[in-house]
Amino acid sequence: MTPSEIRDELLAQHARLRSLMDEVRHVAERAARGEPVGGELREGVSRVAEVLREHNQREEDLLRAIIPTVDAWGPARAEIMDETHQREHDDLHQALLGVGERPHAFAGAGVRALFDRILEHLAREEKIFLAEELLKEDTVIVEFGG
Ligand SMILES: [Fe+2]
Ligand SMILES: [Fe+2]
């Protein structure tokens, strides 16, 4: 896989997450207004949790392999990727599971705040890890097993 293929794949997953969260956000708003959409909200939130988890796993695998090779700051970035970033992945996932269990308690502001945190996470990594100048086609070719 080339760096730009990695970038494209992860950005496509970000786009999918954004549109999924957008849908579920509307359901959360309806729930907050008292509409009987608790089941739909719970399903939506667990779908977001599932898609986010798959994405995070893929991101950790791909970036762990590529970040150390990118530039002089690579090793430092890889460390950030491994610890802080991974912890945040776990936190976000746990928070989603918590909302999924009690959707009504979180229906309005809770879902909004959590989704906003996820959006911030995506935006930040698009700046730090997924910047176009960082993952250029000609930087390096990376081979992955499996
Ligand atoms: Fe991430
Ligand atoms: Fe990501």
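Visitor: Which residue bridges the iron ion (ligand 1) and the iron ion (ligand 2), and how far apart do the ions lie?

Guide: First, some conventions: this is a predicted model, in which local features need pLDDT of at least 70 and side-chain atom pairs count only at pLDDT 80 or more, while totals for chains, interfaces and linings use all residues. Residues are numbered from 1 along each chain as its sequence is written, chains are lettered from A and ligands numbered from 1 in the order in which they are written, and side-chain values use heavy atoms, with hydrogens and water left out. Donors are N, O and S atoms within 2.8 Å of the metal (3.2 Å for Na, K and Ca); water is not among the atoms, so sites may look incomplete. Here E59 bridges the two iron ions, which lie 3.5 Å apart.

Visitor: Which residues coordinate the iron ion (ligand 1)?

Guide: The iron ion (ligand 1) is coordinated at 2.0 to 2.3 Å by E59 (OE), H85 (NE2), H89 (NE2), H121 (NE2) and E125 (OE). Their spacing in sequence is E-x25-H-x3-H-x31-H-x3-E. Helices are DSSP runs (H or I, at least four residues), numbered from the N terminus. Since H85 lies in helix α3 (residues 74-101) and E125 in helix α4 (residues 109-128), the pair ties together parts that are 40 residues apart in sequence.

Visitor: Are H85 and E125 buried or exposed?

Guide: Buried means under 20% relative accessible area, exposed over 50%, and partly exposed in between (1.4 Å probe, protein chains only). H85 counts as buried at 5% relative accessibility, and E125 is buried at 2%.

Visitor: What are the protein donors of the iron ion (ligand 2)?

Guide: They are H14 (NE2), H55 (NE2), E59 (OE) and E125 (OE), lying 1.7 to 2.2 Å from the iron ion (ligand 2). H55 and E59 are four residues apart in helix α2 (residues 38-70), and so are separated by about one helical turn; both are buried.

How values were computed: Helix = DSSP H or I, 4+ residues; strand = E, 2+ residues; numbered from the N terminus.
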